[in-house]
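Welcome, and thanks for taking a look at this one with me. Here are a few notes to read alongside the structure.

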Amino acid sequence: MRMCLYRDRKRWRTPLSLRRPLLLALACTLSLPARAEWSGQATLVSDYRLRGLSYSEDRPSAQVRLTYDGAGGWYGGALAASVRQDDARTLLIAYAGRAIALSADMVLDAGATLLRTPGAAQYQYAELYAGLAGERAGARLSLSPDYAGGRSAYAEFHYTWPLGDRVAIDAHAGLLAVRGAPYLHRRRRDLRLAASLALEAWTLQLAWVGVDSPSARVARGSALVASVARHF
Amino acid sequence: MKRRTAPWPGQLWRRLRSLLGAALLLLGALAPAHAMAPDDEDGRDSARRILVMLHLPPAHFQPDGYAAGYPNDSGRAARRRIAAALAQAHGLALAGNWPMPALGIDCFVLESRAGAVPAGVIERIARDPRVEWVQPLQRYHTLAADPLLATQPAAASWHLAELHGLTTGRSTLVAVIDTAVDTHHPDLPGAVVLSENFVDGHAASAEAHGTAVAGLLAARAGAGRALVMALRACWQRGAGAVCDSLTLGKALNFAIVRGARIVNLSLTGPPDRLLQRLLDAAIVRGIAVVAATDPELADGGFPATHPGVLAVSAQEDRTPGRYGAPGRDVPAPLPGEQWRLVSGSSYAAAHVSGLLALMSELRPSSNTLLLAREIVVNSTDAPPGAQRAALAAQPRAGVVDACATLARIAGECACACTATGSAGGRR
């Protein structure tokens, strides 16, 4: 399956308006040493799906993520993934933000992400996001001023059912609304149901992903995705 | 012609049973994520273990998939690595961990394989900037008097039969953090909705103290209908029972996360930072924490002294500044379908927890901690200066009048209501 946001090769403008605040937030995060924590994750996934669409043409993808958690809830990190998007073979996501505990079981999380696909700049975008997360449920809204040449809002909801210490069922629903993007439909919905098994430093996951996206040239609207992740 | 036997139901059932058995074996092979090393023959030796708290960052955005988004668990390997490095650097071994998101900490147990943890180790680890705090593993004990004490006249009745005509505490979830409860006792059918054992290395058979406490606050024989979350954090040792900071911390964390409305702590011991933080987290959520006071200590001992905790003494031995409830020669269930007269502030605390459950049914939407302020007492305390702060947290401390309390909540008289509670809760 192939995810294709655009039918031409127009190179879109990088959203400079978000790049500076993101870099500033990253710098703030990395400058706070007290109780800091670096963590990482290496993942092999049978199909890299982001918001329901495949970025790897239904093929496996290798990913590495690094996260820095500083004091005061500041955090930042980066993800690199192998993809197949026209000429792009690598996808990079940088992100930074702050998570503040509003109560013993509620966290307010806000930040920014910058997605880059070297070799296929038309897929790049930057977003601001804010969300609330409890122990099991969470909701987040992401806004982009330059998403495929238009403006976008992505609302997502998440719920986790823990089945003991090691097994969990996760449900996710997302709705993407786009305005002003010439090659995208105005709305797209995605669903995801996943079962995860945590084994010490490893996490195994099997997920069903479905997407309602008539604008994308997708062979299948849904897929089963398996992944194995090693935390470090 | 021989008829072929259909596989259903016998063969199919056997196959299903085999599959189920295999699945259970597989699940059983997966040890609990936070399992601790078993104790040695001398039991839980607190001096050999310390608790190291590492910062647990709040859950936040992750870009690589939705399931790894808010339930952020990718840092656990990094924290474990830090704890293992700290253990190695100080000649200790990593014995396990227990994340407590409600406090924003991941609690690691480090133990010495060669006797007590050497002096100065706690201070040295505490200086590490990656560490939130370090503390010793402290010991606690339950507050039941010697059962061989001479029998005294039974405590004044709370008119339970009449009170249960008004309310039974139906559906109120009470966490009993204690020894193991005998869930099959005739007094407790259907009362225990959840049992968890937080004590490693000690088998979870039914034990006396927990069964008596659970029975007093939720006995079905008295028509009570409160729901008990039996959280075993203490284990029987001789005539009494003991617990430690970690087992109590795990149980308190569990009670908070699982939505208990009342937590009963019929035990005492030294002040402890982990438990203090968890008590604060419970109180902030409006959970009523009821603790028994230690009659041997002038201030009643921890956790009864913690601000916001309802400190309860046996009304026969009550000292100013605490709630008083029946605590001497109280008939209580014991394991093995037995009943016995028991004494001690442990059981007085169970009475107040049970009363709060009754009140909670009448006002199910109320914050249970605020509801506790409606408890009517029949005497006024003028505490000495040292106890003034504790009293400020519970201004209506005195001997509890259960009838007047429920009459106040329900707006009608249920039993021997010779007078009604005056403004401020005293009469």
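1. B:Leu356 touches B:Ile262, B:Ala288, B:Val290, B:Leu310, B:Thr368, B:Ala372 and B:Ile375, leaving aside residues up to four places away in sequence. Please keep in mind throughout that this is a predicted model.

2. The largest nonpolar core has 98 residues, and B:Leu356 is listed with B:Val263 and B:Ile375 as having the most contacts inside it. Helix α8 of chain B (residues 345-362) gives the most to this core, with 10 residues. Another core, of 20 residues, lies apart from it; A:Val45, A:Leu91, A:Tyr147 and A:Leu184 are among its members.

3. Next, the charged pairs. Over all chains, the count comes to 13 salt bridges. In one of them, A:Glu127 pairs with A:Arg51, and the closest N and O atoms are 2.8 Å apart. A:Glu127 lies in strand β8 (residues 125-133) of chain A and A:Arg51 in the loop between β2 (49-50) and β3 of chain A, so the pair ties together parts that are 76 residues apart in sequence. Both A:Glu127 and A:Arg51 are buried.

4. A:Arg189 and A:Asp212 also form a salt bridge, with the closest N and O atoms 2.8 Å apart. Because A:Arg189 lies in strand β12 (residues 187-199) and A:Asp212 in strand β13 (residues 202-212) of chain A, the pair ties together parts that are 23 residues apart in sequence. A:Arg189 is exposed, at a relative accessible area of 52%, whereas A:Asp212 counts as partly exposed at 31%.

5. In chain B, the side chains of B:Arg79 and B:Asp106 meet in a salt bridge (2.9 Å, N to O). This pair links helix α2 (residues 76-89) with strand β3 (residues 105-111), distant parts of the chain, the two residues being 27 residues apart. B:Arg79 is buried, with a relative accessible area of 5%, and B:Asp106 counts as buried at 1%. Elsewhere, a network of salt bridges links B:Arg48, B:Arg49, B:Glu111 and B:Arg113.

6. Finally, some backbone details to look up. Most residues other than glycine have a negative phi, and most peptide bonds are trans. B:Phe302 and B:Pro303, however, are joined by a cis peptide bond, with omega about 10°; B:Pro303 sits in the loop between β13 (288-292) and β14 (310-314) of chain B. A:Glu57 has a positive phi, near 50°, in the loop between β3 (53-54) and β4 (61-69) of chain A. B:Glu337 has a positive phi too, near 55°, and is found in the loop between β16 (330-334) and β17 (338-342) of chain B.

Note on methods: Residues numbered from 1 in each chain as written. Chains lettered and ligands numbered in written order. Predicted model: local features only at pLDDT ≥ 70, side-chain atom pairs only at ≥ 80, totals over all residues. Heavy atoms only, no water. Core = buried A, V, L, I, M, F, W, Y, C linked by side-chain atoms within 4.5 Å. Buried < 20%, exposed > 50% of the residue type's maximum accessible area, 1.4 Å probe, protein only. Helix = DSSP H or I, 4+ residues; strand = E, 2+ residues; numbered from the N terminus. Contact = heavy atoms within 4.5 Å. Salt bridge = Lys/Arg side-chain N within 4 Å of Asp/Glu carboxyl O.
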